[in-house]
Amino acid sequence: MVTIPRLYTPRLCLRPFSLADAERVSELAGDARVAATTCRVPHPYPEGAAADWIGGHVEAAAQGKGWTFGITLAGTGRRPDDVVLVYG
């Protein structure tokens, strides 16, 4: 089984998503301004899509299809694990 690592810089943490992130992902992906800048994020964002998307990350990494990270900021007033950006 593949484990997606956490990567740290002084200001950022790139970390694997968990199902606890689904609500925040839905919030970000459900924003029409976000969907307008992507070719793969539907608008309106379907209920349950975030959990399905998160659920496929480990398998995609294991198959060599890529790594997906949530990017979190330190020192911004947000909880340290709040996803503010997605990379993958």
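## Cysteines

A disulfide is counted here when a pair of cysteine sulfur atoms lies within 2.5 Å. By that criterion, a search of the whole structure turns up zero disulfides. The structure is a predicted model, in which local features need pLDDT of at least 70, side-chain atom pairs count only at pLDDT 80 or more, and totals for chains, interfaces and linings use all residues. Residues are numbered from 1 along each chain as its sequence is written, and side-chain values use heavy atoms, with hydrogens and water left out.

Cys13 counts as buried because its relative accessibility is 7%, whereas Cys39 counts as exposed because its value is 78%. For these labels, buried means under 20% relative accessible area, exposed means over 50%, and partly exposed is in between, with a 1.4 Å probe and protein chains only.

## Overall layout

The protein has four helices and four strands, and along the sequence they follow the pattern β-β-α-α-α-α-β-β. Both kinds of element are DSSP runs numbered from the N terminus: helices are H or I with at least four residues, and strands are E with at least two.

Of the 88 residues in the protein, 27% are buried. The accessible surface comes to about 6,100 Å², and carbon and sulfur atoms hold 58% of that area; accessible areas come from the Shrake-Rupley method with a 1.4 Å probe, and for residues only the protein chains shown count as cover. A contact means heavy atoms within 4.5 Å. Among contacts with a separation of 6 or more, 53% are between residues 24 or more positions apart.

## The strands

Start with the hairpin, in which three residues join strand 1 to strand 2. Strand 1 (residues 7-8) and strand 2 (residues 12-15) pair in the antiparallel sense over two bridges, and pairing requires that DSSP finds at least two bridges between the strands. Tyr8 stands opposite Cys13 of strand 2. Arg11 lies in the loop between these two strands, and Arg11 is called exposed because its relative accessible area is 59%. Arg11 and Thr72 are 61 residues apart in sequence, yet their C-alpha atoms are 8.6 Å apart in space.

Strand 2 also pairs with strand 3 (residues 69-73), again in the antiparallel sense, over four bridges. Here Arg15 has Gly70 of strand 3 as its bridge partner. Four of the five residues of strand 3 are buried, so this strand is largely enclosed by the rest of the structure.

## Nonpolar cores

In soluble globular proteins, nonpolar side chains tend to be buried together. A nonpolar core is a set of buried Ala, Val, Leu, Ile, Met, Phe, Trp, Tyr and Cys residues joined through side-chain atoms within 4.5 Å. The largest one has eight residues: Phe17, Ala22, Val25, Ala29, Tyr45, Ala49, Ala50 and Ile54. Helix 1 (22-29) and helix 3 (49-55) each supply at least two residues of this core. Apart from it lies another core of five residues, including Ile4, Leu14, Ala61 and Phe69.

Phe17, a member of the largest core, sits in the loop between strand 2 and helix 1. Phe17 counts as buried because its relative accessibility is 11%.

Which residues of helix 1 are buried? They are Ala22, Arg24, Val25 and Ala29. These residues lie on the same side of helix 1 because they cover an arc of only 160 degrees around the axis, taken from the directions from the helix axis to the C-beta atoms. Helix 2 (32-35) and helix 3 are among the elements covering them.

Ala50 belongs to helix 3 and is buried because its relative accessibility is 1%. Leaving aside residues up to four places away in sequence, Ala50 touches Ala22, Val25, Ser26 and Tyr45. Its C-alpha atom is 7.5 Å from that of Glu23, a residue 27 residues apart from it along the chain.

Pro44 is in the loop between helix 2 and helix 3.
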